[in-house]
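I am starting a notebook on a structure that is new to me. Here it is, for anyone who wants to follow along.

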Amino acid sequence: MTFDKKSELNILINLAASDNKVEEKEAKLIHTIAKANGISKEEVESMIKSPKPIHNVNGMTQEEKFEHLYYLIQLMKMDGQVFRSEIIFCEQMAEKLGFKKGVVSELSANIYSDPSITSDRDMLWKKASKFFK
């Protein structure tokens, strides 16, 4: 399978639904990310209603894995509440992406739920790089 933006969005949707409800702020971020990547609102709604199982992500570069993890953590924090199920999901996805699961707690302190607040990506990349297996 080729990893693409729809697959990434599907993983974000799975994270958002991991607490059994996609919150409005989470849905808004998913739609924002989708729009930025040329995915229609209708397609996103369909994906939210019927998320696909998560597939293998081994074909990604380390930079793509980092970006993906960044969005996962941002989405986890989006609704202002971080549930244990979301943390566990992020840690599992981090491991599938080739990181040690401790990367989630290391990065989450410096990733903001508001996408308009930018994080220091270079600093985050350096921190994340230490967690590659």
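**Entry 1: ground rules and a first question**

Which element gives the largest share of the lining of the largest cavity? Before looking that up, I noted how to read the model. This is a predicted model, where local features need pLDDT of at least 70, side-chain atom pairs count only at pLDDT 80 or more, and totals for chains, interfaces and linings use all residues. Residues are numbered from 1 along each chain as its sequence is written, and side-chain values use heavy atoms, with hydrogens and water left out.

The helix that answers my question is H1, with four residues. I take helices (H or I, at least four residues) and strands (E, at least two) as DSSP runs, numbered from the N terminus.

**Entry 2: the cavity**

I wanted to know what counts as empty space here. Rolling a probe the size of a water molecule over the atoms shows where empty space is left. On a 1 Å grid over the protein atoms alone, a cavity is a set of points where a 1.4 Å probe fits but cannot get out, while a pocket is an open set with protein on both sides within 12 Å along at least five of seven lines; lining residues have an atom within 4 Å of a point. Points are joined across faces, edges and corners, and a volume is the space filled by probe spheres set on them.

I searched the whole structure and found one cavity of 30 Å³ or more. The largest cavity holds about 40 Å³ of space. Around it I listed Lys 5, Glu 8, Leu 9, Leu 12, Ile 33, Ala 34, Asn 37 and Ile 39. H1 and H2 are the elements that give two or more residues to this lining. By class I counted five nonpolar, one polar and two charged residues; Ala, Val, Leu, Ile, Met, Phe, Trp, Tyr, Cys and Pro count as nonpolar, Asp, Glu, Lys and Arg as charged, and the others, Gly among them, as polar.

**Entry 3: two residues of that lining**

Is Leu 9 buried or exposed? I use buried for under 20% relative accessible area, exposed for over 50%, and partly exposed for in between (1.4 Å probe, protein chains only). Leu 9 has 1% relative accessibility, so it counts as buried. It lies in helix H1. Leaving aside neighbours within four places in sequence, Leu 9 is in contact (heavy atoms within 4.5 Å) with Ile 30, Ile 33, Ala 34, Ile 39, Val 44 and Met 47.

Asn 37 sits in the loop between H2 and H3. I put Asn 37 down as partly exposed because its relative accessibility is 33%.

**Entry 4: the core**

In soluble globular proteins, nonpolar side chains tend to be buried together. I looked for a nonpolar core, a set of buried Ala, Val, Leu, Ile, Met, Phe, Trp, Tyr and Cys residues joined through side-chain atoms within 4.5 Å. The largest one has 38 residues, and Leu 9, Leu 69, Leu 72, Phe 99, Val 103 and Leu 107 have the most contacts inside it. H4 gives the most to this core, seven residues. I also checked Leu 69: not counting residues up to four places away in sequence, it touches Cys 90, Ala 94, Leu 97, Phe 99, Val 103, Val 104 and Leu 107.

**Entry 5: charged pairs**

How many salt bridges are there? With a side-chain nitrogen of Lys or Arg within 4 Å of a carboxyl oxygen of Asp or Glu as the rule, I count three.

- Glu 43 pairs with Lys 6, with the closest N and O atoms 2.3 Å apart. Glu 43 is in helix H3 and Lys 6 in helix H1, 37 residues apart.
- Glu 67 pairs with Arg 121 at 2.6 Å between the closest N and O atoms. Glu 67 lies in helix H4 and Arg 121 in helix H7, so this pair ties together parts 54 residues apart in sequence.
- Glu 106 and Lys 127 meet at 3.4 Å, N to O. Glu 106 is in helix H6 and Lys 127 in helix H7, 21 residues apart.

**Entry 6: a pocket**

Last, I looked at the second largest pocket, with about 200 Å³ of space. Its lining has 15 residues, and Ile 33, Tyr 71, Gln 74, Pro 115 and Arg 121 lie nearest its centre. H2 supplies the largest share, four residues.
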